[in-house]
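Biologist: I'd like to go through this one with you, feature by feature. Could you show me how to read each part as we get to it?

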Amino acid sequence: MSDDLQQRLLEEQQDARALTRAFEYAKAFVEYASTRRPYPYETAIGKARGATSHLPQRGQDADSVIDELQEKFSNACVNSIGGRYFGFVTGGVLPVARAARLLSDTWDQNAPLFRTSPAASAVEDICEDWLRTLFGLPPETVAGFVSGSSLAIYCGLAAARWRLLQRQGWDINAKGLAGAPSLRVIAGEQAHATVVKAVTLLGLGTDNIEWVETGRDGRIATDKVPPLDERTMLLLQAGNVNGGAFDDFKILCAKANDAGAWVHVDGAFGLWAAAAKQYAHLTEGMNNAMSWSCDAHKTLNTPYDCGVVFCRDREALNTALHATGSYLEHGADRDGMFFTPELSRRARAFDVWAALSYLGRDGVDNLVSLLCERASQFAQEITEAGFELAAEPSFNQLMFACKSDEETNSVLRAVQEGGECWAAGAEWFGRRVIRISVCSWATTPEDIKRSVDAFKAARAELG
Ligand SMILES: *Cc1c(COP(=O)(O)O)cnc(C)c1O
């Protein structure tokens with residue numbers, strides 16, 4: 001029986017029919033991306049949820065599996081690669097990055113060691129250098145390629161925890177947290193949920209966070225930051241998830257450096273401002289931090305999932321994420337496992353390499369600028385339509401509201417159901433807001449116009 005299975009697999013691998021079929025479906029999905037609804041119909045979601053009621057005893061052939069996958073789930077997919085999906089901060093996909101992903105997924109490289117994939121090790125080295133250059137980070141900065149900012153932030157703070165305790169004569173790897181000298185964590189009230197999560201995962205405790213007030217724009221009030229010292233992690237952000245605000249790195253990083261504190265910058269989508277001439281001023285002084293995190297799957301528009309941690313203290317990052325085993329062979333070449341928490345890991349840097357090779361420095365600048373220009377257009381047209389901006393828009397993000405929270409909620413729900421565009425809601429200083437993140441290269445001026453029209457129509461209908 002098992003020989004039968006192997007024979008079938010060999011034949012399928014040789015004729016690659018399932019692969020060809022999957023590719024045809026993928027092509028069609030991409031072709032209709034600009035016309036498909038941004039959010040699936042309830043009926044399609046219902047079909048996907050009810051799809052597989054039991055695990056079959058006997059399997060089916062590969063072609064049928066691909067057909068069924070397409071039929072049951074593709075219509076339930078969120079169309080974030082189209083031009084009118086503005087939910088959360090969800091990047092579109094550059095065609096070249098999609099193609100690179102398909103190809104490199106087929107290579108199926110495992111990236112922990114140079115030994116397990118010399119190609120992955122090489123491409124990580126190249127991307128580390130390119131990104132460091134793009135963001136203007138110090139030359140000693142190293143990078144780790146992880147699943148997203150959640151993990152990248154965790155890595156940056158793990159390095160900080162290791163170094164700050166090591167300076168006080170405490171080896172966190174060996175001794176653990178019990179009895180350790182206490183560390184301080186300072187963060188803005190608008191810190192992202194994943195920053196708070198990293199604090200909990202690292203055992204630092206959210207009750208210990210010294211929260212700093214932010215202005216209504218979401219920026220840390222620099223004069224409200226308590227005195228810093230060499231036991232402190234200061235957690236800043238480049239791009240608030242709602243309004244896009246950037247903290248004042250120039251002032252805050254200088255303060256931290258004077259005190260010997262460790263600054264981590266959460267720049268999930270906003271770090272990319274540093275790569276665009278017109279927006280680089282937002283990140284001024286950021287290169288004086290100790291660690292940074294960003295996503296490639298947001299602003300750079302690579303496929304999910306792809307995030308990067310940067311750290312200028314290589315020893316701290318490598319030691320904090322250290323693992324040993326007699327079967328793990330290390331050499332002089334890059335072993336990716338020292339820069340990330342995982343051992344086995346997909347070689348995501350291929351996607352980054354493809355995106356950056358395609359765009360070049362000018363193209364990255366253009367892409368970032370395009371997203372910001374579309375967001376500005378949205379802000380202008382939505383204001384002209386009589387909606388109120390909840391804060392000065394920044395970078396590729398904006399928030400707006402109606403006269404009352406009830407109206408804001410109703411308008412948002414009507415637009416989400418209408419299917420012309422899709423946005424999410426949030427709370428901003430006690431008020432319900434609709435948040436718009438322009439994060440796909442595919443969003444055109446016409447897409448913005450249609451989306452603003454959808455909000456106008458929904459309000460008119462309710463009024
Ligand atoms: C999206 C986001 C994160 C989390 O990133 P993931 O890639 O989803 O893990 C963290 N911080 C900010 C500001 C974000 O926008």
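**Around a lysine in a loop**

Modeller: Let's start with Lys 298. Beyond its neighbours within four places in sequence, Lys 298 is in contact with Val 89, Gly 91, Ala 268, Phe 269 and Cys 439. Keep in mind that this is a predicted model.

Biologist: Where does Lys 298 lie, and what does UniProt place there?

Modeller: Lys 298 lies in the loop between S6 and S7. The UniProt entry, an unreviewed one, gives Lys 298 the feature "modified residue: N6-(pyridoxal phosphate)lysine".

Biologist: Is Lys 298 buried or exposed?

Modeller: The cut-off for buried is under 20% relative accessible area. Lys 298 has 13%, so it counts as buried. Its side chain also makes a polar contact with the side chain of Asp 295, at 3.5 Å.

Biologist: What about Asn 301: which backbone atom does its side chain reach?

Modeller: Asn 301 lies in the loop between S6 and S7, and its side chain reaches the backbone nitrogen of Trp 441 at 2.9 Å. Asn 301 has 0% relative accessibility, so it is buried.

Biologist: On to cores. What's the general idea?

Modeller: Nonpolar side chains tend to be buried together in soluble globular proteins. Here, the largest nonpolar core has 60 residues, and Leu 131, Phe 135, Val 265, Trp 272 and Phe 310 touch the most other members.

Biologist: Which element gives the largest share of this core?

Modeller: That's H12, with 10 residues. H6, S1, S4, H10, S5, S6 and S7 each supply at least two residues, as does H12. There's also a second, separate core of 38 residues, with Ala 180, Val 185, Phe 338 and Phe 339 among them.

Biologist: And who does Trp 272 touch?

Modeller: Leaving out neighbours within four places in sequence, the contacts of Trp 272 include Leu 131, Phe 135, Cys 294, Asp 295, Val 364, Val 368 and Phe 395.

Key
Residues numbered from 1 in each chain as written. Predicted model: local features only at pLDDT ≥ 70, side-chain atom pairs only at ≥ 80, totals over all residues. Heavy atoms only, no water. Core = buried A, V, L, I, M, F, W, Y, C linked by side-chain atoms within 4.5 Å. Buried < 20%, exposed > 50% of the residue type's maximum accessible area, 1.4 Å probe, protein only. Helix = DSSP H or I, 4+ residues; strand = E, 2+ residues; numbered from the N terminus. Contact = heavy atoms within 4.5 Å. Polar contact = N/O pair within 3.5 Å; in protein donor to acceptor, adjacent residues only side chain to side chain. UniProt positions renumbered as here; feature names shortened; annotations may be inferred.
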